[in-house]
Each structure stands twice: as structure tokens, then as C-alpha cells.
Amino acid sequence: MENTGALSIRNAGKIYDPEGIHVVAVDDVSLEIEAGEFFVLVGPSGCGKTTLLNVIAGFDQLTSGAINMDGTPLASPGKRLRPGPDRTVVFQQGALFPWKSVLWNITCGPVKQGRISVEAAKKQAREFLARVGLHGIEDQYPEALSGGQKRRVEIIRALMNDPTILLLDEPFRALDALTKSVVQEHLLELYDFSPKTVFFITHDLEEAIFLGDRVAIMTTRPGSIKKVVRVDIPRPRDHRILTSSRFLKLKAELGEAIHDEAQKAFEAGERELA
Amino acid sequence: MTDQSVIITKSGERRSAQPMRQLTSSNRFIRWLKSLWGLNLLLGTISIGTILLFWEFAATLGIPGLKDVPPPSAVIAAANDLLVSPQYWNGWLLSFERIGIGFLLAQLVGIPLGLAMAMSRPTFGTIFPIIELLRPIPPVAWIPISIVFWPTREQSVIFIVFLGAFWIVLLNTIGGASNIDRVYKRAALSLGSQPRDLFWKIILPATIPSIVTGMAVGMGISWEMVVASEMIAGDTGLGYLLWQSFQIGAIAHVIVCMISIGIAGYLSSALIRAIGGFATPWLRLH
């Protein structure tokens, strides 16, 4: 079967059990993500969305349910698939290797797997970098880059790896609003250039609608799916759609759902503090 | 191929495509020199000059305590004496040799052991209690037992130097290797690395800065140890020469030896800094 990156999450559940206190992180989540789809999961902080991503990536395991990719079982209770290059992750806190140059960071995945030669990888890396306005930073160390540059480099590193599915865990969380809007457009440009299944996590609703083909709202802990909406705004998209009536209507529709959950999360936090 | 100096992205944003200006070590050195030039240089010369003058005439002025210390002129005379003596230069050579061997052995044992302890719980559990038992004993306290244990004096001196550098490099390696952010390991696995690759790809490079810190501190302790053990157990080296000069009452020679050991320690630290900078080029930005 061809690996196209269709992801099927069925009744997925994850219960943490530290010292006998059951914490339900993910509760009966079922999602069908189509091959090549840009799927965004939105939820309040601590709702279990990162847990779900970690299970798909192979860093964690389920306590109930199953996840299949292209019909092949990926994760089920007690079974954890090794993390692998078919499911490359872009991490919230950033994970460029500080001891290697930008170019090395970007080319290490495909070269390590022996898919392409070092020279071909370097050529491809330069094309990717130029596409998002990062020409000439190849020989810098990651620490010399700004936050927005680092995020773009890390996304390119993941795309160069040519995964079946790209997993992005709140990648733009630490960026300021202006940088964020530029980097979001760059992500879309890269997605249009090199389309593949994307599973994107965020707590920013505008970001979700702007980027996604479909947006799912996750409830506060225990995290389950509250609502899934298709974003029928054609691609390629740019920042001008942010003020279109279709965008605003979706934002209003989803905004209400997410606000309720944020409110519940806030109140739960207040209770825990009291 | 066209050479674009400005890239205009889809959103119309203009972006400089010039690589960022790098602060190279040579122009940083020049800036450092410039900052020294001028007022600081003047003040430094005055303060050191005053102390030297005061010291020179302390005996004439009859200052208690200082009147038995040879003045700078006597130290210079002693230096002229020592600088042409083969025993003096041989002392440099032998002390450096002992430092070299003892320090290197400490790295060769300490770094792999520290990495093994950080990566394997059973190894840590087995070895850590022994370390905590032995580490509080100052290396100097090992000198007598070392003389008894090792067949030659040379070996006992090297052993003491080894101990001086060993604990600190071991602890720094353990600390560095056990505090690596797991996100790097996860990223490597997610980019196609096998778990067995993680040691060379992640654990080792991420630990190097801690190892370099351990080496820098360890080198300082090594010099203390080589001087102390040469005084007690040696019959050559700068520490021995210092002690021998003291015993025959050649205090000016003692001071020359002190200054020489200071210079030797400084040169060793500079060497470690250079090696450290070479091993961690990504940290030169800071």
C-alpha cells in the first residue's frame, strides 16, 4: 500500500497514573485525517493535544484505542512504535542541534537515511531556504538566528526529511505576532510547494483557520473532540483572507466553542489553586 | 545564476539576504586590546609600578615582615641566574610532562566513565557510592599512600595530578550528560536516527561544553597538585626547585619559581581555553 499519510485515530485514550491518581489526558478521540490534508487541532493549554501528537510520533503510548497510518497499526495500548522519519516532528520549544550549522541541521535527515547524496541535499536545502527568504544563513549556527528564522529552518529540516506526515506541536507559540504572521505564510508556501499530510497543534484559533483544511476543537482535560469544521477557503492563501467574511464567520463559529473550553480550563485551574 | 541581494517574499516583504556579520575571534581580540589601551593601561602601570617600588624599598624603610623578603632587584638577579640553569628549564619540562600525563589520564578515564554513569543507571548505582566516599579526601592527603603504593616517585606524582583533575571532570561529565534536553534525542529519532546513533550525534556533542568547563577547573587543580607533590615526593620539577631553594635559603629563587609556576598555570589554562573553543565552535557566538 502506498504511503500517503492517511491517519486514522479510533477511540484513542491516554490515562496517566502517577502515584495512583488517574489523570485522563486524552479521552476517546476519533479522527480521520485524509492523505495530504492540513489538519489543525485547537485546544486550551493542557488539554492533551501534545499527548496525542506524542503518541503519533512514537514518544508515548495509548492506554486505549488505536491509531493507524495508511492502514498500518501505528499505536495501540502497550504497543509503541519507535519514533521514525515517516512522522517528523517540529517541536514547540525548538530542537535545532545547536552544535551543527544550519545546513547540516537541514540535510542530516535525508543524508542519514541515505535517500539522497550530500550534494543533492545541500542543493535542495538552499532552494528551500531561498523560498522563505533565508538565503545565505547556511553556515551560521542556529543560535545566531532569530526566533522566526529558527522556526522556518526547523520546518524546512522536517520537510527535507520528506515524512509521510508532518507533526507540528505549537511551533509558533514563542513568536511575536508580526513574526508569526510572516512565518505562517511561509509555512503555507512550503506546504503548497511540498504538499503532505500535516497534523498541526495550536491554541491560536486564527492561526488554525488560516492554515488548516479542517480545524478540530479539543475540549479541556480530559481532552476529547468537540467539533470539526472544514475551512472552505481556497489555497493559496495569504494574510488578506484574515478579514474575509468567510474567515470571520468561521472564527465566530469556532470562537464560541473554544471560548467555553478556555473558560472551563481556567476555572479548573482556579479550583486546583484553591 | 543571478545573485540576489534582496529577496522579496510572496507577502511583499523585503528581506536582506546578506549573511549576518560574524564576530570573529580576531576582531574580538582587537576590541579587547583597544579597551585595554588608554586609561586602564595607565592605571595598571601606575599601580603595579607603585607596588614594585614599595617592595624594592621596603627593607630600607624597615617595614616589619617585608624586610626579609628579597626586593625585585634581587629577584631579577635570581631570575638571571635561574634562566641560564639547565635544572630550571628541566623543571619546566618535567612539571609540564607530569601535568600532561596526569591530566590526560584523568580525561581518558573520567570522560568515558562519566558518560557511562550518566547513560546507565546500574553503572551509576554501582560507582557513585565509591566516588562519594573518596571524593571528599583532598588529593594532597593521598601523597603518603601514593608513595607507598606506586613503585616510583614519578608515578606517585602523576597519580596525585590525576586525582586533582579526575573528580571534577568526572562530575562535570555526569552532570552535562544527564541534563541533555530530551527534545534533541526525540528530534534525532524523528529525523531517522537509530537509538544507537544518539551517543555520537546527541549525547557527546551536548556534553562537550560541560567537559570543557571541567577541564578548565581541573587544570588549575592539577597545577596545585603537581607543585605540592613535587615538594613532598619529587626530586625534580618546578615545585621541587621551589622547595629546594627555600631549604638553602635562596628566597629570591623561591619567588622566581613562584612566578614561573604562575606563568606555567596561565599557559596551561590558555591551552585548555583554546582546545575548548576549538571543540565548541557554536558557543563562540556568546
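This is a predicted model: local features need pLDDT of at least 70, side-chain atom pairs count only at pLDDT 80 or more; totals for chains, interfaces and linings use all residues.
Biologist: Let's start with Ala228(B). Why is Ala228(B) called buried?

Modeller: Its relative accessible area is 17%, and buried means under 20%, so Ala228(B) counts as buried. The residue sits in helix H10 of chain B, which runs over residues 198–233.

Biologist: What is Ala228(B) in contact with, leaving aside neighbours within four places in sequence?

Modeller: Val140(B) and Ile143(B). Contact requires heavy atoms within 4.5 Å. As for Tyr240(B), 12 residues along in sequence, its C-alpha is 8.7 Å from that of Ala228(B).

Biologist: Happy with that! Now helix H6 of chain B: how do you know that its span is close to the one expected?

Modeller: Residues 121–134 make 14 residues, and the helix reaches 20 Å from first C-alpha to last. The expected span is 1.5 Å times one less than the number of residues, which gives the 20 Å expected here.

Biologist: And where does H6(B) kink?

Modeller: At Ile127(B), by about 30 degrees, shortly before the proline Pro129(B).

Biologist: Good to know. What makes a set of residues a nonpolar core?

Modeller: The members are buried nonpolar residues joined through side-chain atoms within 4.5 Å. The largest such core has 93 residues, and Leu7(A), Ile9(A), Ile67(A), Phe97(A) and Phe199(A) touch the most other members. Helix H8 of chain B, residues 153–178, supplies the largest share, 13 residues. A second, separate core of 48 residues includes Ile155(A) and Leu168(A).

Biologist: Which residues does Leu7(A) touch beyond four places in sequence?

Modeller: Among them are Leu31(A), Ile33(A), Ile56(A), Ile67(A) and Ile165(A), as well as Glu32(A) and Asn68(A).

How values were computed: Residues are numbered from 1 along each chain as its sequence is written. Chains are lettered from A and ligands numbered from 1 in the order in which they are written. Side-chain values use heavy atoms; hydrogens and water are left out. Buried means under 20% relative accessible area, exposed over 50%, partly exposed in between (1.4 Å probe, protein chains only). Helices (H or I, at least four residues) and strands (E, at least two) are DSSP runs, numbered from the N terminus. The bend at a residue is the angle between axes fitted to the seven residues ending there and the seven starting there.
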